[in-house]
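Thanks for coming, everyone. Let's take a quick tour of a structure that is new to you. Please look at the display.

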Amino acid sequence: MSSAGPDMRPLGGLALGLALLAVALSWTYFFSLYAYIAAAVALPLGLVARGVERSRTLGAAAVVLAVVAVVVATAALYVFG
């Protein structure tokens with residue numbers, strides 16, 4: 001009997017969705033703190049998804065968008081704060 005282990009393919013879509021949420025939240029002063037939380041969850045999920053062949057592009061896109069969200073949220077807090 002072989003144990004296949006958990007399926008890692010949905011992590012790419014989940015990471016991309018959280019990264020898009022983080023980018024959407026990062027543009028405003030009020031929601032930029034929530035963008036850090038979404039990006040902090042999306043970044044490790046995207047890195048794990050990059051290790052799976054079928055979701056590698058989704059994981060890479062999630063990592064890039066999470067980093068962009070952190071940069072934009074920091075800029076929003078700096079400019080408006």
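We start with Phe30, in the loop between α1 (10–25) and α2 (32–49). Helices here are DSSP runs of H or I, at least four residues long, numbered from the N terminus.

A word on the source. This is a predicted model, where local features need pLDDT of at least 70, side-chain atom pairs count only at pLDDT 80 or more, and totals for chains, interfaces and linings use all residues. Residues are numbered from 1 along each chain as its sequence is written, and side-chain values use heavy atoms, with hydrogens and water left out.

Is Phe30 buried or exposed? Exposed, at 61% relative accessible area. The cut-offs: buried is under 20%, exposed is over 50%, and partly exposed is in between, with a 1.4 Å probe and protein chains only.

Next, Leu65. It sits in helix α3 (residues 56–80). Leu65 is partly exposed, at 23%. From Tyr34, Leu65 is 31 residues away in sequence and 15 Å away in space, C-alpha to C-alpha. Beyond neighbours within four places in sequence, Leu65 contacts Leu16, Ala19, Leu20 and Val23. Contact means heavy atoms within 4.5 Å.

Last, Ser55. Find it in the loop between α2 and α3. Ser55 counts as buried because its relative accessibility is 2%.

Note on methods. Helices (H or I, at least four residues) and strands (E, at least two) are DSSP runs, numbered from the N terminus.
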